[in-house]
Amino acid sequence: TGGVGVFKATATAQPTKVRVGDPITLTVRVTGSGNLEDLGAPNLTVQEKWTRDFKVHDDPSPGRMDEGAKVFSFSVRPKIAEVKELPAIRLSYFNPKLKKFEDTYTEQISLEVSETARLDPSEIVDSTPNAQSKRELAEVAGGLAANYTGPDVLDAHGSYRFAPGTLATLVL
(Lines give C-alpha, C1' and ligand atoms only; values in the text may rest on other atoms or scores of the structure.)
Protein backbone atom coordinates (compact mmCIF):
# COMPACT_ATOMS: atom_id res chain seq x y z
CA THR A 1 0.00 0.00 0.00
CA GLY A 2 2.99 2.32 0.25
CA GLY A 3 2.06 3.27 3.79
CA VAL A 4 4.90 4.47 6.02
CA GLY A 5 3.87 5.34 9.57
CA VAL A 6 1.42 3.89 12.06
CA PHE A 7 -2.18 3.45 10.93
CA LYS A 8 -5.60 2.26 12.08
CA ALA A 9 -8.37 1.17 9.70
CA THR A 10 -12.14 1.05 10.17
CA ALA A 11 -14.83 -0.06 7.72
CA THR A 12 -18.54 0.45 7.06
CA ALA A 13 -20.83 -1.20 4.53
CA GLN A 14 -24.14 -0.35 2.91
CA PRO A 15 -26.45 -2.20 2.57
CA THR A 16 -25.92 -5.09 4.97
CA LYS A 17 -29.08 -7.01 4.03
CA VAL A 18 -28.67 -8.29 0.45
CA ARG A 19 -29.24 -11.19 -1.92
CA VAL A 20 -26.48 -13.23 -3.54
CA GLY A 21 -24.91 -11.08 -6.26
CA ASP A 22 -26.21 -7.74 -4.98
CA PRO A 23 -23.60 -4.96 -4.71
CA ILE A 24 -22.37 -3.76 -1.33
CA THR A 25 -20.49 -0.48 -1.02
CA LEU A 26 -17.61 -0.96 1.37
CA THR A 27 -15.93 2.15 2.78
CA VAL A 28 -12.54 1.88 4.50
CA ARG A 29 -11.30 4.83 6.56
CA VAL A 30 -7.59 4.95 7.50
CA THR A 31 -6.24 7.29 10.20
CA GLY A 32 -2.86 7.63 11.86
CA SER A 33 0.51 9.29 11.57
CA GLY A 34 2.46 8.96 8.38
CA ASN A 35 2.04 9.50 4.66
CA LEU A 36 -1.77 9.28 4.46
CA GLU A 37 -1.89 11.17 1.14
CA ASP A 38 0.34 8.57 -0.55
CA LEU A 39 -1.34 5.55 1.06
CA GLY A 40 -2.84 3.07 -1.40
CA ALA A 41 -6.03 1.06 -0.97
CA PRO A 42 -5.94 -2.29 0.85
CA ASN A 43 -5.77 -5.13 -1.68
CA LEU A 44 -8.83 -7.31 -1.06
CA THR A 45 -8.06 -9.64 -3.99
CA VAL A 46 -5.09 -11.16 -2.13
CA GLN A 47 -7.06 -11.79 1.06
CA GLU A 48 -8.47 -15.34 0.92
CA LYS A 49 -11.81 -14.82 2.68
CA TRP A 50 -12.62 -11.97 0.32
CA THR A 51 -11.86 -13.85 -2.90
CA ARG A 52 -13.54 -17.05 -1.71
CA ASP A 53 -16.89 -15.57 -0.65
CA PHE A 54 -17.12 -12.30 -2.60
CA LYS A 55 -16.73 -10.95 -6.10
CA VAL A 56 -14.38 -8.04 -5.53
CA HIS A 57 -14.34 -5.40 -8.22
CA ASP A 58 -10.61 -4.82 -8.48
CA ASP A 59 -10.84 -1.20 -9.54
CA PRO A 60 -10.69 0.48 -6.13
CA SER A 61 -10.91 4.20 -5.80
CA PRO A 62 -7.60 6.02 -5.42
CA GLY A 63 -9.01 7.27 -2.16
CA ARG A 64 -9.71 10.77 -0.94
CA MET A 65 -8.65 12.79 2.05
CA ASP A 66 -11.46 13.55 4.51
CA GLU A 67 -10.87 15.31 7.83
CA GLY A 68 -7.40 13.87 8.42
CA ALA A 69 -8.23 10.39 7.15
CA LYS A 70 -7.80 8.57 3.84
CA VAL A 71 -11.08 7.06 2.63
CA PHE A 72 -11.40 4.23 0.07
CA SER A 73 -14.56 2.81 -1.51
CA PHE A 74 -15.03 -0.71 -2.90
CA SER A 75 -17.88 -2.59 -4.51
CA VAL A 76 -18.21 -6.23 -3.47
CA ARG A 77 -20.89 -8.86 -4.14
CA PRO A 78 -21.52 -11.99 -2.05
CA LYS A 79 -21.16 -15.24 -4.02
CA ILE A 80 -23.14 -17.48 -1.63
CA ALA A 81 -26.02 -17.11 0.83
CA GLU A 82 -24.08 -18.77 3.66
CA VAL A 83 -21.96 -15.63 4.15
CA LYS A 84 -22.77 -14.06 7.53
CA GLU A 85 -20.20 -11.27 7.67
CA LEU A 86 -17.84 -9.11 5.74
CA PRO A 87 -14.37 -10.30 6.79
CA ALA A 88 -11.84 -8.07 8.49
CA ILE A 89 -9.75 -6.08 6.02
CA ARG A 90 -5.97 -6.25 6.40
CA LEU A 91 -3.97 -3.08 5.73
CA SER A 92 -0.20 -3.53 5.68
CA TYR A 93 2.24 -0.67 6.27
CA PHE A 94 5.85 -0.05 7.26
CA ASN A 95 6.42 1.17 10.82
CA PRO A 96 9.64 3.28 10.69
CA LYS A 97 10.02 3.36 14.49
CA LEU A 98 10.11 -0.44 14.73
CA LYS A 99 11.71 -0.80 11.27
CA LYS A 100 9.33 -3.56 10.24
CA PHE A 101 6.08 -4.19 8.38
CA GLU A 102 2.90 -4.36 10.42
CA ASP A 103 -0.75 -5.06 9.74
CA THR A 104 -3.87 -3.39 11.05
CA TYR A 105 -7.33 -4.93 10.67
CA THR A 106 -10.82 -3.54 10.47
CA GLU A 107 -13.63 -5.12 12.46
CA GLN A 108 -15.84 -7.69 10.75
CA ILE A 109 -19.25 -6.40 9.66
CA SER A 110 -22.41 -8.49 10.16
CA LEU A 111 -24.17 -9.30 6.94
CA GLU A 112 -27.50 -10.92 6.05
CA VAL A 113 -27.42 -12.64 2.65
CA SER A 114 -30.39 -14.46 1.15
CA GLU A 115 -30.69 -16.57 -1.99
CA THR A 116 -31.42 -14.88 -5.28
CA ALA A 117 -34.85 -15.50 -6.78
CA ARG A 118 -34.63 -18.26 -9.34
CA LEU A 119 -36.52 -18.63 -12.59
CA ASP A 120 -38.76 -21.69 -12.77
CA PRO A 121 -37.84 -23.78 -15.85
CA SER A 122 -41.53 -23.91 -16.82
CA GLU A 123 -41.44 -20.13 -17.32
CA ILE A 124 -38.77 -20.33 -20.02
CA VAL A 125 -39.99 -20.07 -23.60
CA ASP A 126 -38.38 -22.60 -25.92
CA SER A 127 -37.51 -21.00 -29.26
CA THR A 128 -36.41 -24.15 -31.08
CA PRO A 129 -38.56 -25.23 -34.08
CA ASN A 130 -41.44 -27.61 -33.27
CA ALA A 131 -40.88 -27.16 -29.52
CA GLN A 132 -43.77 -27.96 -27.23
CA SER A 133 -43.87 -25.37 -24.45
CA LYS A 134 -46.54 -23.83 -22.26
CA ARG A 135 -46.02 -20.43 -23.88
CA GLU A 136 -45.19 -19.69 -27.46
CA LEU A 137 -43.21 -16.80 -28.84
CA ALA A 138 -45.50 -14.26 -30.49
CA GLU A 139 -44.43 -12.04 -33.36
CA VAL A 140 -45.87 -8.56 -33.12
CA ALA A 141 -46.57 -6.55 -36.26
CA GLY A 142 -44.30 -3.54 -36.28
CA GLY A 143 -41.45 -5.34 -34.51
CA LEU A 144 -39.74 -3.44 -31.69
CA ALA A 145 -41.47 -0.21 -32.71
CA ALA A 146 -44.72 -1.69 -31.37
CA ASN A 147 -43.23 -1.48 -27.87
CA TYR A 148 -42.68 2.26 -28.06
CA THR A 149 -45.59 4.47 -27.08
CA GLY A 150 -43.92 7.85 -26.51
CA PRO A 151 -45.03 11.17 -28.03
CA ASP A 152 -42.63 10.80 -30.97
CA VAL A 153 -44.92 8.08 -32.36
CA LEU A 154 -47.42 10.83 -33.18
CA ASP A 155 -44.99 12.68 -35.48
CA ALA A 156 -46.02 12.71 -39.12
CA HIS A 157 -43.98 10.44 -41.35
CA GLY A 158 -45.00 12.20 -44.55
CA SER A 159 -42.93 13.47 -47.46
CA TYR A 160 -40.13 15.95 -47.08
CA ARG A 161 -39.67 19.20 -49.03
CA PHE A 162 -36.34 20.19 -50.43
CA ALA A 163 -35.17 23.62 -51.46
CA PRO A 164 -34.72 23.88 -55.29
CA GLY A 165 -30.89 24.10 -54.92
CA THR A 166 -30.76 20.96 -52.75
CA LEU A 167 -32.97 19.05 -55.18
CA ALA A 168 -30.78 20.09 -58.12
CA THR A 169 -27.66 18.94 -56.23
CA LEU A 170 -29.23 15.57 -55.50
CA VAL A 171 -30.24 15.11 -59.14
CA LEU A 172 -26.73 15.90 -60.34
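Analyst: Pro15 sits in the loop between β1 (5-14) and β2 (17-19). In this predicted model, the peptide bond that joins Gln14 and Pro15 is cis, with omega at about -10 degrees. Most residues other than glycine have a negative phi, and most peptide bonds are trans.

Two other loops hold residues with a positive phi. Glu67, in the loop between β5 (64-66) and β6 (69-78), is not a glycine, yet its phi is about 50 degrees. Glu67 has a relative accessible area of 74%, so it counts as exposed. Lys99, in the loop between β8 and β9 (100-105), is likewise not a glycine and has a phi of about 55 degrees. With a relative accessible area of 67%, Lys99 is exposed.

Asn95 is buried, because its relative accessible area of 5% falls under the 20% cut-off. A polar atom of the Asn95 side chain lies 3.0 Å from the backbone nitrogen of Lys97. Beyond its neighbours within four places in sequence, Asn95 is in contact with Gly5, Val6, Lys100 and Glu102.

As for the setting, the protein has two helices and 11 strands, in the order β-β-β-α-β-β-β-β-β-β-β-β-α from the N terminus. Of its 172 residues, 26% are buried. Among contacts with a separation of 6 or more, 64% are between residues 24 or more positions apart. The exposed surface comes to about 12300 Å², with 54% supplied by carbon and sulfur atoms.

Terms used: Residues numbered from 1 in each chain as written. Predicted model: local features only at pLDDT ≥ 70, side-chain atom pairs only at ≥ 80, totals over all residues. Heavy atoms only, no water. Helix = DSSP H or I, 4+ residues; strand = E, 2+ residues; numbered from the N terminus. Buried < 20%, exposed > 50% of the residue type's maximum accessible area, 1.4 Å probe, protein only. Contact = heavy atoms within 4.5 Å. Areas by Shrake-Rupley, 256 points an atom, 1.4 Å probe, with all protein chains shown as cover. Polar contact = N/O pair within 3.5 Å; in protein donor to acceptor, adjacent residues only side chain to side chain.
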